[in-house]
Each structure stands twice: as structure tokens, then as C-alpha cells.
There are 2 protein chains.
Amino acid sequence: MPTPELAVIGGGQLARMMQQSAIGLGVRIRLLAEGPDVSAAQVVPDHVVGDHTDLDALRTAVGDAPVVTFDHEHVPPEHLRALEAEGHACRPGPHALLYAQDKAAMRERLGALGVPCPRNATISSRDDLEAFGYPAVVKTTRGGYDGKGVWVVRSAADADEAFAADRPLLAEELVDFRRELSALVARSPSGEVRSYPVVESRQVGGVCAEVIAPAPELDADLATAAKALAERIATELDVTGILAVELFETADGRLLVNELAMRPHNTGHWSIDGAETSQFENHLRGVLDLPLGCTHARASWSVMVNVLGGDVEDLVAQRAVVLAAEPDVKVHLYGKAVKAGRKVGHVTAYGSDLDDVLARARHAASLFTVG
Amino acid sequence: MPTPELAVIGGGQLARMMQQSAIGLGVRIRLLAEGPDVSAAQVVPDHVVGDHTDLDALRTAVGDAPVVTFDHEHVPPEHLRALEAEGHACRPGPHALLYAQDKAAMRERLGALGVPCPRNATISSRDDLEAFGYPAVVKTTRGGYDGKGVWVVRSAADADEAFAADRPLLAEELVDFRRELSALVARSPSGEVRSYPVVESRQVGGVCAEVIAPAPELDADLATAAKALAERIATELDVTGILAVELFETADGRLLVNELAMRPHNTGHWSIDGAETSQFENHLRGVLDLPLGCTHARASWSVMVNVLGGDVEDLVAQRAVVLAAEPDVKVHLYGKAVKAGRKVGHVTAYGSDLDDVLARARHAASLFTVG
């Protein structure tokens, strides 16, 4: 195989969708995949099967690729530093990824930058939690995602599961929020930064269910502030590629940072069909230090609805039903086996009438879920 | 490897771009590739290396895929009939492909359908050519493409090369045309047909150089007639997937059919970035008998300019220069080695001002050509 231009660690749907953009840009990707037939391995010929916590597997996959990027944030920082010492540019680098890997470090750093966050404290005992006060959101500082490793705690008993394992925890104020927003930016090592329209993210059970771009009726000043905040965080933390800043819009009209993700993000999937340049293309352009593409929306409204595993076992067979009902919805299947609640695909609709766009996207997603 | 849903014969850029759409739709492709690192083999893991004229290679590649489609029209019809007899659906089938493979058969059939074509006759001798008259366009009935196998003949001497090999020839009237148009349609085995906007195709030396969608200042009745003609040909010839009908718009305002292609076509590449559903997605939807997607343009104007091999040897390195100069142009590289005049990529620009869109696309393509 010729030398890949980019190594991608992790073979999930994010790497799969990067490949769609890589094909156009002529970027040869080599993948480290969790298995021979995981989502991205199905579409990237040059892949190595191995574990991202195994430095030798990482080295084999990276080979002589000059740049390394990621499908997820779970590669141990010491391995990233080893790859950097061996001459590979990790983008984002371990110094940035730390703040997506460790929520306590993220809160401390954002606090030092004066970025508005929910009130928070690291806790190591029930006494600490009592001192923090109820209600609280207790999170593992590392490894949580999609609602896993997060507990809403209204009394000491609610924290049993959180304290069951001996691991670092963070307590955060339970924010009285109006809705959740997401501000995505792309950034290159040269320092170019481009913001996507701020979107509304609707969660069910801690999992992103649907995204509306742009966030409906968002105050213009708040949208500007959210973009500025995300751009500042990307720059201060030296993020390269896509940074997603998940935000609470509080009941009293403030913005608080909830989470950071340093990779293409579920709240940016609408951009494949709905923006001038998709988040996947701009992630590649960012990490390869290419000039970034326009992040504007192509339609008045875009709606992305996740397809979460449900009754429908054969998504490929069901596609005919979905496209017959909603021929103008864009279908994105991830090549994953269906399990209850697992993200197995998404659909996007766009147009000038939000109610219509929302209805079409929801209908299509529902047909992939309820047989 | 799991059973592919679709076998694609031929590993050129058309198969490569099919894969971009296949990833979204969740279509698993198995490819018959001319070599281990041809354009599409770089992005389709499940590929077999072999020759499309070798039935055993075709059988190996097709395996147990229920449907077979094509990157080109050069598979021998008897092999397609063998695959059909063995239970695979060839789309388009040999009965349709014949008219893209054999220009004499195409002229005869279109003539019988009353479709307007240049005056034409099969010729087997110089006497036949004299009888046909000068000037004429002489073509090999089989195997010509991109200006190869085509001679403009103004006297007997101009036909020496055409007659040098002993092969069937077609003589056609040298049409006094204002410009070349292309009418693309997608069709499914169920009979659903969708027309793309009629585009203008500008050729240099018999090779498509740039495409403007829609064709500027095209008379509305002529556009309607061109679409109707393409839809009728697709239906009458039972084409499945994409049919491109290349047309002359004559100086006196008539339409004449020049060529047919039964696969995604260079004059439809603009649709990747410029249409609601790209020709590649609709080709897949068509051949898999899925409901077709909307073929409308997403912008007032889209311009596609081919990148033909020139001074620039390393297109991947040059990408940074192109994107710095034209960050909003969409780059499509084919992963091919640069040779003079070879199609190695294309760029697309779109927007509301045709002059601006044309200038940006041409500038980007020129930067990939002249170092």
C-alpha cells in the first residue's frame, strides 16, 4: 500500500464518514479498526485491526503516516506523546485532547479562562458531595459518553452507583436549562478557525436524538457569543480539526459549557447535507493544515435525526420503505448491527419550512426504528 | 467478507464516486478492479483484481451479489448474459447496454424510434464514404471514447486512419451545432424516471472540459424536449441507473442525439455538490430498484471543470494551493497518476452569479494543471 496521508484511530461511524470526504479530497487514510468489519473498516481498504490502548497496534497502524487523527478521544495520552516523539503529528494533540478526556481538567482549564461553566467541584467522598449540595450531576471524570457515567443526584442514595467504583468524580450544578445548544468550529494548526451555525440539540436519556440547524429563535447576540466562545476555546486549547462545544442555554438566557468533543460530532452530522462544507471535510482539512471550507448552511433549516436501534433488524432492507415514504431525506447508515438504543445511522432533511423538515426527518428515522 | 449488495465492474473514478454514495446508503460494494491500486480499489475494501473481458474474473467478483452494475460499458454482452443466466441482475442489462456499446445499433434503434439524430450510415468502404459525402464524422461503431475512434473527414485522405484497421465504421453528418447539451436521467427497473436539469457541455479536442448546469439561456421548450427525449430513450431501451444523452443544439435550434452513455457521466459530476441527489446516489438507487431522489439543482448555477493531467505531478500536494486560492470550490481527486490530458479529477463551484462561479471553477482547475 502507498504511504497514507492520514492515520485515523478508531473505526466507528465518524471515521466512516471521514472517508466519504477523504475520497473527494484524495486523502489516503489508514485506519486502526477495532475489528475486521467495523463501520469504517467496511469502507477503508487500508486498515489494521488492533486496540487503541496498545502502543504497538497504534504504531503498526500509523506506520509512516505524517498525521494522526481520531474517531474518538480514548487513546492514552502517553501513547500519543510516544507517536509525537516518533515524528507523527497528532491532531488534536495530547495537550488538547486532555480536556476532552478528563472533565475535571476541562472544568479547571475553562474556569481559569473565565469560560462560563456550571458550578463544579471534584469529589472523592460522600462528604464532598454533601458539601457540594443537592441536586447535583455527578460524572466520572473520564470515559463517560451518551449519558453513561452521568448521574442526576437528588439525595445521597442516588449516588450509590457513582461511588460503587473507586474512580475520580466531578459534581456539577444541575442546570435549569431551556435547551441544549452546540457550537462547532473547525481549526487548523495554522490557526484558521471557522464556526458552523449554532444548533439546537435535543437529547433523550442523555443521547442526542435530533439536531436543528440553526437553533430556532436563538437570540443573535447569544449565537454570536456561542461562536466566539467555541472559537476562543479551540484557540486557547490548541484544538485542531473539529471542536464541538456543547452548551446549556439557561432559563435566564445565559450560556454554560456542558461538554467538549474534539472530533466530528453528532451535533454536526447535519452539515454533510446541510452545509457548504461538511464537518468531516473540514476536520480533514483542519488536521491536514489545509485551508478550511465555508461553514454556512445551504438551506434555511436542516434537521438531523439519529437512527437508534429498534425493532427493525435489517436496515438495508428497510431503506426501500424509508425512501419510498421520504425520498428526499438523506440516509446515512453506519453498517452496524442493530442493538436497542445503539446509534446505527442518521437521516437529514432540509428545506425552508422547519415544521415540514422536522416531520420528514422524524418520519424517516421512525421507519428505521419501528418496523 | 459479508455478501455484497452490489457488484461494480471496473475500478475507475465512476466506481470511486459511487462508493461515496454507497457509504451513506449502506450499500456494500464488491469491485472488479483492473489493478490492486486503481482509483476505486483505493476506497473499496472488497475488491477482486481481474479483467472485465474474462468471464471467470467476472464470476469471482460478482460472487453472490444479486445486482451487477458498471463503471464503463465494455463488458462483453455474452458475459452479461451468462451472469444473468446464473441469477444476477445486470443493470443496465445487455439488451440496453448494446446501444451504448455499438453506435450503429444505437443509430438504427433511435432512428426506428423517430428520435432526431444526425444523418448517418454504416460504411464498409471508401466508396460508401464517397456516397455518404463530405464533410462527415467517421466513427468506429465500438470502443471509441473521449474523441478516440472519431475522425472529422473533409476529403478521402482524412479517412486513412479510420480505414487503417478493418473494423465497422459509421459515417455521420458533421452537424453545424451551436453547442453541446447533455440530458441525464435516472431510471429504476420499476420504471420510475427522474430527469436532471439539462446542462451545457463544453468539449476541447473531443474531451469534456467543463459543464454548466443548467445550460445558460436554454429555451424552455427545448429543455423540456431534451428531458422528454432522454426519458423516452431510457424507457424504450429499458436503461436502469443513469442514462446520459449527449445532444447537439443545432444552429437552427433543433436537438440531435450525439451519444448515449449508460452509467454516471462526466456531464453529471456537477450533481455531487450541485443537485439534491447526486447522479451517483441515483445510479445506486436506480440499479437497486430503490425509490429515486430529487434531481433538482441546489444552486442557481453549478460549474464543473475537469482536471486534466498537466504540469502538476503531485495533485495531493497541490491541493493546498488550490484550496488557498479557491476555498469554496469542491475538489474531487481520483487517485490516478498524472498523464498529459488524462482525467485525474474535477472541481465544482456553485452560486448565484454564473461569471463568478465559472471563474472560480476554472481558476481552481487551472491550478491543478499548470504548476
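Visitor: Is Asp238(B) buried, partly exposed or exposed, and how many other C-beta atoms lie within 10 Å?

Guide: Asp238(B) is partly exposed, with 15 other C-beta atoms within 10 Å. A residue counts as buried with 20 or more other C-beta atoms within 10 Å of its own, as exposed with 12 or fewer, and as partly exposed in between, with C-beta atoms placed from the backbone. This is a predicted model, in which local features need pLDDT of at least 70, side-chain atom pairs count only at pLDDT 80 or more, and totals for chains, interfaces and linings use all residues. Residues are numbered from 1 along each chain as its sequence is written, while chains are lettered from A and ligands numbered from 1 in the order in which they are written.

Visitor: What about the phi of Asp238(B)?

Guide: Asp238(B) is not a glycine, yet its phi is positive, about 55°. The residue is found in the loop between helix 8 (220-236) and strand 14 (241-250) of chain B. Helices (H or I, at least four residues) and strands (E, at least two) are DSSP runs, numbered from the N terminus.

Visitor: And where does Asp289(B) lie?

Guide: Asp289(B) lies in the loop between helix 10 (279-287) and strand 16 (301-308) of chain B. Asp289(B) also has a positive phi of about 55° without being a glycine, and it is partly exposed, with 17 other C-beta atoms within 10 Å.

Visitor: At what angle do helix 2 and helix 3 of chain B pack?

Guide: Helix 2 (residues 55-62) and helix 3 (residues 77-85) of chain B pack at about 40°, with their axes 10 Å apart. Axes are lines fitted to C-alpha atoms, for helices over the stretch in contact, and angles run from 0 to 180 degrees between N-to-C directions.

Visitor: Which residues make that contact?

Guide: Leu55(B), Leu58(B) and Val62(B) of helix 2 meet His79(B), Ala82(B) and Leu83(B) of helix 3 of chain B. Two residues are in contact if their C-beta atoms, placed from the backbone, lie within 7 Å.

Visitor: Last one: what rotation superposes chain B on chain A?

Guide: A rotation of 180°, with 0.0 Å of shift along its axis, superposes chain B on chain A (RMSD 0.0 Å). The two copies are thus related as by a two-fold rotation axis. Copies are superposed by least squares on the C-alpha atoms of residues with pLDDT of at least 70 in both.
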